[in-house]
Amino acid sequence: MSLRADAREIQGELALLRRALHREPEIGLHLPRTQEKVLAALDGLPLEISTGTTLSSVTAVLRGGAAPEGPGPVVLLRGDMDALPVSERTGVEFSSRIDGAMHACGHDLHTAGLVGAARLLADRRELLAGDVVFMFQPGEEGWDGAGHMIEEGVLEAAGRPADAAYGLHVTSSSYPTGVFTSRPGPLMAASAGLHVRVLGAGGHGSRPHDALDPIQTACEMVTALQTMVTRRFDVFDPVVITVGTFHAGTRRNIIPDEAVFEATIRTFSAQAAERVAEAAVRLCQDMATAHGLTAEADFSPEYPLTVNDTVEHIFLADTVRETFGEEYFEPMPDPITGSEDFSRVLDRVPGAFAFLGADATGDPKTAPTNHSPRATFDDTVLSDAAALLANLAERRLQRP
């Protein structure tokens with residue numbers, strides 16, 4: 001049978017695994033229950049398995065048996081495993097049992113899909129003209145799990161560097177269920193954090209002239225950062241700044257000593273990232289000085305730009321079309337402003353990353369988006385995810 005047909009045979013088992021993962025989401029780099037479920041799902045397969053020392057990762061190597069001369073090339077397939085600090089409100093029967101944690105970004109599907117790819121390829125190991133590395137990664141959601149796994153040697157897990165790398169990300173909205181999308185070149189933005197602490201002098205709310213109000217100044221900074229983007233940066237080299245937290249004060253009639261806010265910053269070029277780092281920090285410091293206050297502003301680079309290798313992107317798109325049909329690949333016209341730590345892998349290994357529609361509502365245009373407490377994912381796409389990853393590995397190993 002074809003890989004797609006084989007994948008359909010294990011769809012039910014993959015869905016059970018996904019739902020078990022969904023019920024017990026874990027956040028960050030340490031996911032012991034998730035790791036345990038992955039190891040159990042891989043048990044009995046002809047894999048060389050290792051686990052992380054500083055994080056709950058799982059790395060599995062499948063040795064192919066059809067290399068014409070020598071060990072052959074290496075393909076890496078990745079699935080992230082961590083959840084988000086979100087309280088689930090979907091109402092599905094397999095909802096999270098962990099307060100304040102939810103697989104709101106679909107990483108439970110990524111994990112189950114990668115397990116499926118491992119099972120499919122293990123059954124075809126004698127046809128593989130090289131080795132496959134399965135990268136089960138914690139800590140994608142802001143913890144740089146990919147960076148940790150790279151430091152621990154995942155890119156050389158087969159005993160030699162990976163020659164190509166591929167990954168998938170499901171989306172609960174925007175694209176019809178079962179449709180893949182990607183683009184060559186820049187795919188997802190680089191991310192950074194801006195942390196600002198405005199220091200003033202507290203006092204009574206009825207006498208602001210006897211105090212130095214940090215809230216007012218911090219509020220001006222928030223709006224000034226938006227103006228800075230529109231007036232200092234090229235619209236064709238986008239910069240996005242969003243303030244996500246703002247904390248100050250204890251009561252309405254008390255002027256506090258300080259106000260603190262944090263922003264996420266997204267860019268699509270090294271030049272824009274360098275300029276916004278300098279400009280945002282200086283703006284906050286200078287505005288504080290202008291009001292007689294001081295500001296501690298820190299710009300922290302996080303994930304780099306996610307860039308698809310053009311050749312590998314074309315290969316991925318062609319593989320989707322040949323595996324599922326022409327209508328199942330939709331070219332992505334523009335990059336998106338989300339970020340992804342698989343970018344660290346693609347910085348070092350030629351490869352491609354794609355999105356897979358998994359809308360469970362029937363209308364992806366109005367469905368709750370990834371990271372929403374109401375985001376739902378159609379896990380019937382698991383067999384397609386597994387089939388594509390497996391097909392990418394098998395075919396890439398055959399390429400000269």
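Predicted model: local features only at pLDDT ≥ 70, side-chain atom pairs only at ≥ 80, totals over all residues.
Across the protein the mean pLDDT is 95, and 99% of the residues reach 70 or more.

Four strands form an open sheet in the order β10-β12-β8-β13, and their pairing is antiparallel. Which strands stand at the edges? They are β10 and β13 (294–301); each has a single partner strand, so one side of each is left without a neighbour in the sheet. On average, neighbouring strands here are turned by 15° against each other, direction ignored.

Now zoom in on one pair. Strand β8 (residues 190–199) and β13 run antiparallel and are joined by 8 bridges. His195, for example, has Asp298 in β13 as its bridge partner.

Two helices pack on this sheet, as the table shows.

| Helix | Strands touched | Direction angle |
|---|---|---|
| α6 (residues 214–232) | β8, β10, β12 (258–267) and β13 | about 170° with β10 |
| α7 (residues 270–290) | β8, β10, β12 and β13 | about 165° with β13 |

Where does Arg251 sit? You will find Arg251 in the loop between β10 (239–248) and β11 (254–255). Is Arg251 buried or exposed? Arg251 counts as exposed because its relative accessible area is 54%, and the cut-off for exposed is over 50%. Arg251 and Gly205 are 46 residues apart along the chain, and their C-alpha atoms are separated by 9.3 Å.

Conventions:
Residues numbered from 1 in each chain as written. Heavy atoms only, no water. Buried < 20%, exposed > 50% of the residue type's maximum accessible area, 1.4 Å probe, protein only. pLDDT = per-residue confidence, 0-100. Pairing = 2+ DSSP bridges. Axes fitted to C-alpha atoms, helices over the stretch in contact; angles between N-to-C directions. Contact = heavy atoms within 4.5 Å.
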